[in-house]
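Let's take a friendly walk through this protein. Please keep the structure at hand as you read.

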Amino acid sequence: MALPFLPGNSFNKNLGKTKYHLSHHFDYANDTAMMVGAEKPGVGGEALLGQKYKARNTVFPKGDGSNLPAWVAFDRQVLSFDAFYQEAVHEKREEQYRVRNCKIYFYLEDDSIQVLEPRLKNAGIPQGTLIRRHRIPRPRPNEDEFYTAEDFNIGSEINLYSKVFKITDCDQFTQNFLRKMGTNVQRPNNPPQDPYMKYRKAMDESMQPLRPYEKYDTLKQFLDHDRHVLRFYCHWDDSDNMFGDPREMVLHYYLADDTVEIREVIPPNAGRDAVPVFLKRSKLPKDPGSLPQPGVETDRTVLNVFGPTGAGGRYILDSLKTGAVNNEFYTDQDLSLGAVLSVWGRKFVICDCDDFTREYYKTKYGVENMTPVMVGRPTDNMDLPREMPPYNGFGSEEDSLCSCKGLLPKPPKRDFIKFMECDRRGLDSNVLRFLARMDTKKPIDQDRRFIISYFLADDTILVFEPPVRNSGIIGGKFLERSRVKKPGNMRYSTELSEYYSASDLYVGACVDFNNFKFILIDADEYAFLYMEKCSDMFMRSNIDSVLMKLAAKLGPNKEDVRAFFAKTDPSGSGFMSYEKFREMILNIEPSLSEQEVMTVARQYSDRRNDVVLDTEKLMAIMQEELRKRNFEGFGTLAAAFRHLDKGCCGALDRETIRKEFIAQHVPLPNDMLQAALSVAKTAQNNNEAVCYEDFLNGLNWRDYPVPPVQYQAVGGGDSAWCGNKPSNQITNVHYEPLLQRIFGGASADGQ
């Protein structure tokens with residue numbers, strides 16, 4: 001009796017197969033018939049019996065960018081990992097094993113790997129390049145495959161030619177790249193300490209060599225302070241001599257060998273020859289004295305000579321140096337601001353030094369105050385600040401100022417970096433919009449509302465009045481987009497005018513735009529989020545600063561304050577309306593602005609009625625996205641999931657499903673896929689495992705279509721914001737976590 005063609009009853013592999021094309025396997029090469037397609041698949045793209053494919057490369061998730069090959073798109077981009085491996089040491093008492101730290105470089109352009117070991121001093125073992133750059137196969141029994149980028153992660157072990165490397169850390173570029181590929185990057189670990197290196201370090205620290213002779217170790221000073229130069233600005237008053245005058249000098253003290261070099265600062269039109277060096281580099285003696293005789297200044301003195309002259313002779317040296325001549329030279333301890341140096345009989349006064357010199361004396365000697373000394377520099381002859389001519393009224397002030405800086409006028413430079421960083425990118429508009437009203441006593445103007453837009457790209461302001469029917473006022477553009485000056489600036493002045501910046505605009509602020517006064521009464525959601533994100537620039541949106549003001553005003557009386565709040569909440573629910581909360585906060589601290597009150601209310605607002613994700617609408621949107629991209633590979637996905645389901649339980653974890661979607665190039669955004677996986681049906685005994693059959697059926701627009709739904713993209717309705725939508729209004733405030741945070745209780749974030 002034949003079984004019906006139902007799923008699970010048919011064993012015909014060709015059932016449902018639609019591709020039966022043949023690959024080209026045989027051809028002529030050098031006039032010889034031979035097989036040229038050994039690595040090509042068989043009928044319909046399926047592998048032949050015993051066929052081995054080429055080594056698989058790293059699968060990079062495709063986005064909306066260019067379709068360049070990997071060796072072009074990832075040229076000179078390398079993943080860097082810190083790793084170590086442990087090797088045994090035989091027949092040695094000091095160490096039983098050795099820990100060797102390495103650097104693993106994975107080249108993205110061709111999946112090649114290079115392993116380097118940093119060279120250690122007196123290591124005694126060959127170091128440097130351990131494995132040259134090439135593609136490394138996996139260990140047996142997968143020697144026909146090569147390592148890819150998916151195999152590398154912090155904490156994983158990589159077997160490279162029978163050496164197991166444990167990865168402990170990676171650089172920031174590698175961490176960001178792996179996360180974009182969908183890899184869950186682990187936390188970095190510290191490699192184990194090598195016991196033998198620890199033993200050698202302790203031995204070196206315990207050794208104190210005693211030498212019977214004096215040793216002049218100048219190499220350590222040279223290696224520690226090579227290219228470290230102290231710079232002092234000196235003054236030499238040579239006016240007592242004929243044709244002499246005060247002269248400015250620059251003294252360079254080389255820390256590598258304690259030598260001094262002096263150069264003269266020759267001002268323009270001084271009438272002096274430009275001599276490169278006033279005093280060549282050498283040690284500077286404190287008291288030069290008279291010229292010594294030859295043989296007086298020697299390192300060692302011979303006391304007696306024995307034996308014949310020449311070969312076989314012996315001599316005795318004076319180790320106590322009884323006849324040595326000790327000359328004192330200037331060192332870094334003698335150099336300080338205000339000190340007088342004797343430079344071969346000339347008196348040099350040290351007046352100032354550079355920043356490196358100040359930091360050196362602060363670190364080594366603890367000298368904090370190094371005030372410059374004014375010697376020979378009368379304040380009357382100091383250079384006065386350069387004053388520009390006043391604004392002439394033509395063009396902008398910056399453009400008029402550029403015509404005074406050169407014979408060929410140049411346009412003012414634009415902050416191009418700021419323009420590129422703060423220009424509109426997708427839904428991120430970088431425009432702060434506020435709702436304002438006129439500060440006037442005219443009844444006709446009191447009900448008018450304006451939208452003030454501040455463009456962060458070029459600090460310009462646009463004022464727009466939404467049209468209102470039957471108001472008698474024609475709405476539209478009220479102020480052209482431009483930079484607006486603050487009131488009080490002089491029209492024709494030598495100083496540039498001050499303009500309104502982003503920090504001057506906040507809810508509750510009163511601004512004056514060309515003698516029109518506006519009071520900001522509200523802002524859109526994007527402006528609130530941007531100001532809370534950049535709270536270091538917008539201090540009124542800094543929740544910590546506002547809470548510090550409230551804590552200083554409330555004091556330590558916790559119970560009294562809690563009872564004061566409980567009066568407005570008789571039910572004891574811990575929530576109160578925004579109007580009562582605002583009135584209470586302003587009674588406590590009247591100096592707070594509306595922006596600061598709204599910042600606290602937004603942080604601790606009632607979020608119990610937040611919108612819950614609609615599963616049916618999400619599946620309809622995803623099916624519509626797959627239908628537009630004409631994706632039909634649901635059977636391939638189901639087969640891949642069944643292959644990954646080793647326990648045949650019908651469920652896989654969310655990360656495995658997400659990685660397989662990326663590997664199969666399913667045209668779905670990552671955030672949409674993660675949202676669908678978060679609400680997908682899970683297994684009965686495991687909430688972390690998703691039933692992949694039901695999940696695929698929900699996405700299969702061909703076999704299980706769902707009715708299309710009308711939806712609107714997030715942020716689409718905010719482009720025409722006119723200040724009359726209650727989307728960002730706060731109804732209730734949860735004051736319990738606010739009191740806990742102010743009085744140092746359990747931390748609360750207002751969620």
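This is a predicted model: local features need pLDDT of at least 70, side-chain atom pairs count only at pLDDT 80 or more; totals for chains, interfaces and linings use all residues.

Residues are numbered from 1 along each chain as its sequence is written, and side-chain values use heavy atoms, with hydrogens and water left out.

**The sheet**

Helices (H or I, at least four residues) and strands (E, at least two) are DSSP runs, numbered from the N terminus. Six strands form an open sheet in the order β6-β5-β4-β3-β8-β7, with antiparallel pairing; two strands pair if DSSP finds at least two bridges between them. The edges are β6 and β7, each pairing on one side only. From one strand to the next, the twist averages 30 degrees. Strand β5 joins β6 over 4 bridges in the antiparallel sense, and Glu-117 stands opposite Gly-128 in β6. Across β3 and β8 lies helix α2, which runs at about 105 degrees to β3. Such angles run from 0 to 180 degrees between N-to-C directions, with axes fitted to C-alpha atoms, for helices over the stretch in contact.

| Element | Residues |
|---|---|
| β3 | 78–88 |
| β5 | 112–117 |
| β6 | 128–134 |
| β7 | 157–160 |
| β8 | 163–170 |
| α2 | 172–181 |

**The cores**

A nonpolar core is a set of buried Ala, Val, Leu, Ile, Met, Phe, Trp, Tyr and Cys residues joined through side-chain atoms within 4.5 Å. Buried means under 20% relative accessible area, exposed over 50%, and partly exposed in between (1.4 Å probe, protein chains only). The largest core has 57 residues, and Ile-452 and Phe-513 are among those that touch the most other members. Leaving out residues up to four places away in sequence, Ile-452 touches residues including Leu-432, Phe-434 and Phe-518, where contact means heavy atoms within 4.5 Å. Another core, of 27 residues, lies apart from it and includes Phe-81 and Tyr-147.

**Helix α14**

Helix α14 (615–628) has 14 residues and reaches 20 Å from its first C-alpha to its last, close to the 20 Å expected; that expected span is 1.5 Å times one less than the number of residues. Among its buried residues are Leu-618, Gln-623 and Glu-625. Their cover includes α15, α17 and α18. Just after α14, Asn-630 takes a positive phi of about 60 degrees.

**The loop glycine**

Gly-345 sits in the loop between β15 and β16. Gly-345 is exposed, with a relative accessible area of 59%. Asp-287 is 58 residues from Gly-345 in sequence and 8.7 Å away in space, C-alpha to C-alpha.
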